[in-house]
Amino acid sequence: MMAYLWILFTIVASGGQTLRNALQRDLIAEVGTVGATHVRFLYGLPFGCLFLLIISTVSGTALPVPTGGFWLWTLGGALAQILATGLMLQAMKSKSFLVTIAYTKTEPVQVAIFGILFLSEVPSPMLAGAIVVATAGVMIMSWPKASADGAARDWTPAILGTVSGGLFGLAAVCFKGGIQSLGLPNFLVAASATLAAGLGLQTLILTGYLIATDRAALIKLFRAWRPSVLAGFLGAFASQCWFAAFALEPVAHVRTLGLVEILFSLAVSHRLMSQITSPREGFGIALLVVGVLVVLNA
């Protein structure tokens, strides 16, 4: 059962993350890109701390004493995730929800490289093939379309989304490094402690930034607490599941299976935003499904 638990965590995390992304996207007009980015951290922190307290109490495991190495790993992940989220939301301002998420899902290739460099996690040939197939699907479905008037393609969302995906991959690798550095026998406590610490650092960083540069956005963020609380909970819950999966399985495995988020995003685009998927995007999604199935069989 434990061998397959990471699959459940990853699928649940992907679903929760899709809903959180949709809520954050809707907040951009009200609180700005930085404010919408801060939602997942400011309103997610209380839930992250609550998860840690509950899991530690139920399991009877004492809270860990973080080392300097833990804080370095977690700070690196926190900064990378802040930048990644901001770039993703900025891309969503000029591109559809589904296609923006697709750009960020070039992440598995990048996270595999980071995993090799920093964690010595070398993917098997079968998994490497799955990453290539899935990434090909992403590129096919997200390739910018030529405009009707013959104007040049707008590559800005592609660049923002791809860089965002790389930063998300780097964040995942750093957070796994933090989880491993704790050396705890209980993987859920290690994952929860890393999540709470990461959210704490991110909240301090972005709150300080907004106080210094845009206090009005911070005030608007507090006023928009009703939708923000739900986005914060979904973000913390999704991250809890991601971190638990990272603790059990190589990051490249988790992030490649996480491409099922594209399917969830497709459902959100159709039902909530009335965005239509083209045949080319549908073919790309089919390749993503093939890649995910290979990962499950690998």
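Colleague: Where does UniProt place the feature "transmembrane region"?

Modeller: The unreviewed UniProt entry places it at residues 42–63, 70–92, 112–143, 155–175, 187–212, 224–245 and 281–297. Such positions are given in the numbering used here, feature names are shortened, and annotations may be inferred rather than shown by experiment. The model is predicted: local features need pLDDT of at least 70, side-chain atom pairs count only at pLDDT 80 or more, and totals for chains, interfaces and linings use all residues. Residues are numbered from 1 along each chain as its sequence is written, and side-chain values use heavy atoms, with hydrogens and water left out.

Colleague: What is the helix content of residues 70–92 and how far apart are the end C-alpha atoms?

Modeller: Residues 70–92 are 100% helix and 0% strand, with the end C-alpha atoms 33 Å apart. For residues 224–245 the values are 95% helix, 0% strand and 32 Å. Helices (H or I, at least four residues) and strands (E, at least two) are DSSP runs, numbered from the N terminus.

Colleague: Why does glutamine 17 count as buried?

Modeller: Buried means under 20% relative accessible area, exposed over 50%, and partly exposed in between (1.4 Å probe, protein chains only). Glutamine 17 has 10% relative accessibility, so it counts as buried. Its place is in helix H1 (residues 2–42). Leaving aside residues up to four places away in sequence, glutamine 17 touches Lys105, Ala238, Trp242 and Glu261; contact means heavy atoms within 4.5 Å.

Colleague: Why are H7 and H8 called oblique?

Modeller: The axes of H7 (residues 156–182) and H8 (residues 187–213) cross at roughly 125° and come within 9 Å. Axes are lines fitted to C-alpha atoms, for helices over the stretch in contact, and angles run from 0 to 180 degrees between N-to-C directions. Angles under 35 degrees count as roughly parallel, over 145 as roughly antiparallel, 65 to 115 as roughly perpendicular and the rest as oblique. H7 and H8 are therefore oblique to each other.

Colleague: Which residues of H7 and H8 make the contact?

Modeller: On H7 they are Phe175, Gly178, Ile179 and Leu182, and on H8 Ala190, Ala191, Ala193, Thr194, Gly198 and Gln202.

Colleague: What makes H7 and H10 roughly perpendicular?

Modeller: The axes of H7 and H10 (residues 225–248) cross at roughly 65° and come within 9 Å. By the cut-offs above, H7 and H10 are therefore roughly perpendicular to each other. Here Ala172, Phe175, Lys176 and Ile179 in H7 meet Phe243, Phe246 and Ala247 in H10.
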